[in-house]
Amino acid sequence: MKFEDQDLSRINEYVSLAERYIPGRLAIFAIVESAFHELLTAEAAKILVLGAGGGEEIIRLGADNPSWSFVGVDTFEPMVEMAKSRLASSPVGKRSVVHTTAVEQLDDSEFDAATCILTAHFVPDDGSKLAFFEAIRARMKPGAPLAIIDGVGVAGERDTELLRRIWVRHAMRNGVPEAEAAKNSQNFSKISVVSAEREEELLQAAGFKNLVPIFQGLAIKGWLAFA
Ligand SMILES: C[S@@+](CC[C@H](N)C(=O)[O-])C[C@H]1O[C@@H](n2cnc3c(N)ncnc32)[C@H](O)[C@@H]1O
């Protein structure tokens, strides 16, 4: 299932819904920003944002870092439009561009860093996910950091199922109705989530090195990986 095949009747509320559903949503941005502070030592940095729709990570990472500029890609036009309209009223907008394209078609490179937040798990593991990671790495400077945060797990496995049931409870505690939360949790088994081990294997097969886990919130895991 693609991102756009979900129930998107509340897409206008994407930003607030994401905060309700994703455990540690704000911590993710804070951790990625701190990681880039540690790793991006040059004065200016050009950052590639995979799945930039909605604009949230560009706005959050850019707000306090005027020397960072952003090139976002996203394949779903309505999410790109949301990003563009939010960026237009943000100071970060002047340092950002968001394209409706797959990264494989992006004619830009030499990125100092990249983010891929809750996006790779929409790319099927049929050769496409590996090609997606390879296309990201090919556009980054050697040794540049990728911060990747993704759903992980294997449907049917005990621990994965427990984490997904807790996901429903967590969303309900944040005000999401039970039926809606349960439906959302079922999306994990419809999209192209893979185990954490498989994600690491694919990142390494694409040439990323020195994987460092930086986040885990229930069935969402994050790493730094170096091009
Ligand atoms: C769950 S949203 C996350 C958006 C943003 N990264 C955030 O955390 O707010 C996933 C986004 O990935 C986009 N997407 C899905 N497959 C993609 C692909 N192959 N390349 C680029 N973007 C993709 C979707 O259109 C959607 O905007």
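Of the 21 residues around the ligand in this predicted model, the nearest are Phe3, Gly51, Gly53, Phe76 and Met79. Two elements, α3 (56-63) and β2 (68-74), each give two or more residues to the shell around the ligand. Sorted by class, this shell holds 13 nonpolar, 5 polar and 3 charged residues.

β6 pairs with strand β7 (residues 220-226) in the antiparallel sense, over 6 bridges. One of the bridge pairs joins Lys209 to Phe226 in β7. β6 and β7 form a hairpin, with 2 residues between the two strands. Leu218 sits in the turn and has a positive phi of about 55°.

**Helices on the sheet**

**Helix pairs**

Two packed helices are described by the angle between their axes and the distance between the axes.

| Helix pair | Angle between axes | Axis distance |
|---|---|---|
| α2 (residues 25-39) and α3 | about 50° | 10 Å |
| α5 (residues 128-138) and α8 (residues 196-205) | roughly 50° | within 8 Å |
| α6 (residues 158-173) and α7 (residues 178-190) | roughly 145° | within 9 Å |

Take α2 and α3 to begin with. They pack at an angle of about 50°, and are therefore oblique to each other. Their crossing is right-handed. Which residues of α2 and α3 meet? Phe29, Val32 and Glu33 in α2 meet Glu57, Arg60 and Leu61 in α3. By class, this contact has 3 nonpolar and 3 charged residues, with no polar ones.

Now α5 and α8. Their axes come within 8 Å and cross at roughly 50°. That angle makes α5 oblique to α8. α5 passes α8 in a right-handed crossing. Lys129, Leu130 and Phe133 of α5 make the contact with Leu202, Leu203 and Ala205 of α8. The residues of this contact divide into 5 nonpolar, no polar and 1 charged.

The remaining pair in the table is α6 and α7. What is the handedness of the crossing as α6 passes α7? The crossing is right-handed. From α6 come Arg164, Trp167, Val168, Ala171 and Met172. In α7 they meet Glu178, Ala181, Ala182, Asn184, Ser185 and Phe188. The contact of α6 with α7 has 7 nonpolar, 2 polar and 2 charged residues.

**In brief**

The ligand shell has 13 nonpolar residues, and Phe3, Phe76 and Met79 are among the residues that come nearest to the ligand.

Definitions and conventions. Residues are numbered from 1 along each chain as its sequence is written. This is a predicted model: local features need pLDDT of at least 70, side-chain atom pairs count only at pLDDT 80 or more; totals for chains, interfaces and linings use all residues. A residue is near a molecule or strand if its C-beta atom, placed from the backbone, lies within 6 Å of it. Helices (H or I, at least four residues) and strands (E, at least two) are DSSP runs, numbered from the N terminus. Ala, Val, Leu, Ile, Met, Phe, Trp, Tyr, Cys and Pro count as nonpolar, Asp, Glu, Lys and Arg as charged, and the others, Gly among them, as polar. Axes are lines fitted to C-alpha atoms, for helices over the stretch in contact, and angles run from 0 to 180 degrees between N-to-C directions. Angles under 35 degrees count as roughly parallel, over 145 as roughly antiparallel, 65 to 115 as roughly perpendicular and the rest as oblique. A crossing is left-handed if the near helix is turned anticlockwise from the far one by less than a right angle, and right-handed if clockwise. Two residues are in contact if their C-beta atoms, placed from the backbone, lie within 7 Å. Two strands pair if DSSP finds at least two bridges between them.
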